[in-house]
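Have the viewer open and follow along.

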Amino acid sequence: LGPSVILRLAENLLQGSRLYFDMYFTTLPLLDVLSSKGLEATGTLMKNRIKGINLTDERKLKRGEMEEFCREDNKLVVVQWKDSKGVTIASTCTGCESVENVRRWSKTEKEYITVPCPAIICRYNQCMGGVDVCDQMMEAYRTFKTRKWTLKVIIHMVDLVCVNSWLQYRGDCRSNGVLKKDTLDLLEFEWQLEKPWFRHQMERPMKK
C-alpha cells in the first residue's frame, strides 16, 4: 500500500525530480521503480525490509558512526547512522559523502557536542522539514477534534487548506513589501476565515 501511494502521487512529476518520504512508504523495490521512471528518491527504511545486507547492531555503534552499503550497479545505497538512536536510510541520489558536523545535546556530558553526519541524513532532514512544519502548524490550531474517522479526514483537509492558504498569503505579503507587524499570523488568519461562519451562525433564527 505504501509504495502504491508514492507511485500514484509521482505520476505527473518531471524526470529528474527528487522525492523524500519516511519509513512507512520506503522499500528497495520502490526505489528501483522510481529510478526506472527517471525519479530519484530517498527514504528512511525499516530493517525488516532489507535483504542481503548485514547491518551492524546499532547498540555496537558509537554516536556519529556510520556504515554505507552500495549496490554493484552504483544506483542504490543504504546507510546506517547512529545518532541518539540508529537511523537506516536508502537513496538513489545521495550517499555518505560529504560528511558534515551537526550539533547534538549529550545527556552524559550535559552540553552540546559535535557529531559527524552523512550527507544523506542532512539532505533528508532539510527536504522533509517542510512536511513536518506543516503538520505542526495544523496541530497547533485544529478546527476541532473527533474520533469519527470520516469527519476527521474532512477536518484534516480543511486545516490543510487553511495552512497552505496562510503560507501563500505570507509569501505574497513578503513579495509586496508588507511589514511583518502588518502581516496576520496563522491564528489571526484562520479567525478571519472562520468569522463569517460564526456570524452566520449567530444570525440564524432560534428554533422554538
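D57 and R59 form a salt bridge, and their closest N and O atoms sit 2.7 Å apart. The term here means a side-chain nitrogen of Lys or Arg within 4 Å of a carboxyl oxygen of Asp or Glu. Bear in mind that this is a predicted model, where local features need pLDDT of at least 70, side-chain atom pairs count only at pLDDT 80 or more, and totals for chains, interfaces and linings use all residues. Residues are numbered from 1 along each chain as its sequence is written, and side-chain values use heavy atoms, with hydrogens and water left out.

How many salt bridges does the rule give? The count is nine.

| D57 | R59 | 2.7 Å |

Helices (H or I, at least four residues) and strands (E, at least two) are DSSP runs, numbered from the N terminus.

As for how open these side chains are, buried means under 20% relative accessible area, exposed over 50%, and partly exposed in between (1.4 Å probe, protein chains only). E58 is partly exposed at 26%, and K47 is partly exposed too, at 37%. D57 counts as partly exposed at 29%, whereas R59 is exposed at 71%. For the remaining pair in the table, D182 is partly exposed at 47% and K181 is exposed at 69%. There's also a network of salt bridges that links D32, R71 and D73.

Now to the strands. Two strands pair if DSSP finds at least two bridges between them. β5 (residues 86-91) runs antiparallel to β2 (residues 40-44), with three bridges joining them, and G43 stands opposite A90 in β5. β5 also pairs with β4 (residues 77-82), again in the antiparallel sense, over six bridges. Within that pairing, V87 of β5 is the bridge partner of W81. A hairpin takes the chain from β4 to β5 through three residues.

Is T42 buried or exposed? T42, which is found in strand β2, counts as buried at 1% relative accessibility. Contact means heavy atoms within 4.5 Å. Leaving aside neighbours within four places in sequence, T42 is in contact with L19, Y20, F21, I89, A90, S91, C93, I120 and Y124.

On to the helices. α4 has 27 residues and reaches 39 Å from its first C-alpha to its last, close to the 39 Å expected at 1.5 Å a residue; the expected span is 1.5 Å times one less than the number of residues. Which residues of α4 are buried? They are I155, D159, C162, V163, W166 and C173. An α-helix has 3.6 residues a turn, so residues three or four places apart point the same way. Just after α4, G177 takes a positive phi of about 75°.

There's a nonpolar surface patch as well, made by F144, L151, I154 and V158, at about 350 Å². Patches are made of residues with over 30% relative accessible area and no salt bridge: like charges are joined within 9 Å, and nonpolar side chains (Val, Leu, Ile, Met, Phe, Trp, Tyr) within 5 Å. The areas come from the Shrake-Rupley method with a 1.4 Å probe, and for residues only the protein chains shown count as cover. F144 sits in the loop between α3 (119-140) and α4 (149-175) and is partly exposed, at 45%.

N125 lies in helix α3 and is partly exposed at 42%.

Most residues other than glycine have a negative phi, and most peptide bonds are trans. N74 isn't a glycine, yet has a positive phi of about 60°; N74 lies in the loop between β3 (66-70) and β4 and is exposed at 61%. K110, also not a glycine, has a positive phi of about 55°. K110 belongs to the loop between β6 and β7 (111-117) and is exposed at 66%. A cis peptide bond, with omega at about 0°, joins E97 and S98, and S98 lies in the loop between β5 and β6 (100-106).
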